[in-house]
Amino acid sequence: MTSNPLNPSNGDDTPKDPLTEMLQNLMGGKGMENFDPSELAKAAGLPDDPNLLAQMFSQVQAMMSAPSEGPVNWTLAHDNARRVAAGTSDPSVSAQQSRDVDEALRLAELWLDPVTDLPATGLIGKAWSRAEWVEATLGTWKRLTEPVANSIANALSSAMTEQMPEEMKSMMGGASSMLQNMGGAIFGMQLGQAIGALSKDVVSSTDIGVPLADLEMALLPANVAAFGEGLSLPENDIRLFLAVREAAHARLFVQVPWLRGHLLGAIEAYARGIHIDTSRIEELARDLDPSNPEGIQEALSQGVFMPQRTPAQEQALEKLETALALVEGWVDELTAAATEKVLPSAGALRETVRRRRATGGPAEHAFASLVGLELRPRRLRDAATLWATLKDERGIEGRDAIWHHPDLLPTAEDLDDPKGFSSRRKLAEASDSEVDDALQKLLSGGFDDTSAEEGGAPDTGDAAKDAGDAGGKDDDGETGHPKS
């Protein structure tokens, strides 16, 4: 840090370090009366509304003086996500919008029945505001981001402690936990900012291909309307198409119970392997310029992770990308089959959604930079081709039977060569059958019997007795050939 915390007034107009000034006020018992929180707010991506900031930083002061429940301040993440979600406007869902969404999702279920072997879910469709989406999904976001969030919060607090002037360290005394809480507060606010921004983009509970809200089927009317802007297509067509996608996602995650844990587990495995670039965090803490309080926000938005991945993480990433592609490809294929004859605009909407999912929006990019996690199905088109091929070869029932067990799922190799999936699967199944037969033969003693038949010395002693019991003896008392 560039300013001296014990000499905040240097006789010129240079502003004081906002983090240092905040700590001084808190530690000196002055509270927040003389502290202008706008500078630190800019660093955390917060608004410059004085009343809102005064209220928020009063909460921060209370939180940092209370025992911490963990490295990340999830309360701040929640509050900031709600604030960003509301933004300039987040109107409550009207009764008419609720009816429209309910009717669209009911019709979507009927359209899906002929094109999939998975039964309907029986879920009641809901219409959510952005704030309701935040409430319904924040628990899953916490689960997915906690491994990275904890690492970043710990690294931030450690870096700030190391870079703090010696005079400040001695002043902190036994209240060093307050500094640790500050790292969690900074990251919590940033994470809330990213989740809140995502709430303005998503059109449904499963829009990013991950079941963020378990056993839910919902659309966000405000975002559905925003999605349709500029498409020159009937609003009802857009709502119906997105409803079919949402219903297909819900049907898959409900009727394939193991899939949600499989997908979230792949994300968690990848997140745990992300390497935090502590040198960049130390640089951030060391070079924070009081005249440029956006430094923290900019550094976090650019990511603080090493670009290199370990072999284990490469495997986790491949598993994650394949799983995301298989889910999205299946939904894409079913949605096309269910809507092609009833929605004239289905083809155009399918391509629009494909491009949107492949590229991701600004909010998704910001989230990916913050936690090092991208949720885009990079191989959506390959996966859709694979599912279409399986339908042609096996029919609807045979295609959907692939979801019966995780061991049956196609691999990245199958996405490379969809038409060769069935032949590779037959070879694998034949190989498994041969192993099972050989194991059974070994357990039953068949291999020993075979060697005897091929000219090996006959069993003697106990072995001869066993063979006699199994195969009987001939008239002269010698051991007979064992039964096959």
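Where in the chain is the place of Leu-215? Hi everyone, let's start there. Leu-215 sits in the loop between helix H8 (176-198) and strand E2 (218-219). Helices here are DSSP runs of H or I with at least four residues, strands are E runs of at least two, and both are numbered from the N terminus.

A word on the source. This is a predicted model, where local features need pLDDT of at least 70 and side-chain atom pairs count only at pLDDT 80 or more, while totals for chains, interfaces and linings use all residues. Residues are numbered from 1 along each chain as its sequence is written, and side-chain values use heavy atoms, leaving out hydrogens and water.

Leu-215 has a positive phi of about 55°, although it is not a glycine. Most residues other than glycine have a negative phi. Leu-215 is also exposed, with a relative accessible area of 52%; exposed means over 50%, buried under 20%, and partly exposed in between, using a 1.4 Å probe and protein chains only.

Ser-232 has a positive phi of about 55° too, and is not a glycine. You'll find Ser-232 in the loop between helix H9 (221-228) and helix H10 (235-255). Ser-232 counts as exposed, at 74% relative accessibility.

Now for a buried residue. Ala-149, in helix H6 (residues 130-163), counts as buried because its relative accessibility is 0%. What does Ala-149 touch, leaving aside residues up to four places away in sequence? The answer is Val-72, Trp-74 and Phe-187, where contact means heavy atoms within 4.5 Å. Phe-187 is 38 residues from Ala-149 along the chain, and their C-alpha atoms are separated by 7.2 Å.

Next, a helix pair. Helix H14 (residues 311-339) packs with helix H15 (residues 346-359) at an angle of about 165°, and their axes are 10 Å apart. Axes are lines fitted to C-alpha atoms, for helices over the stretch in contact, with angles from 0 to 180 degrees between N-to-C directions. So H14 is roughly antiparallel to H15, a label for angles over 145 degrees. The contact involves Glu-328, Asp-332, Glu-333, Ala-336 and Thr-339 of H14, with Ala-346, Arg-350, Arg-354 and Arg-357 of H15.

Finally, the whole chain. There are 21 helices and 2 strands, and 46% of the 484 residues count as buried. Among contacts between residues at least 6 apart in sequence, 77% join residues at least 24 apart.

Note on methods: Parallel < 35°, antiparallel > 145°, perpendicular 65-115°, else oblique.
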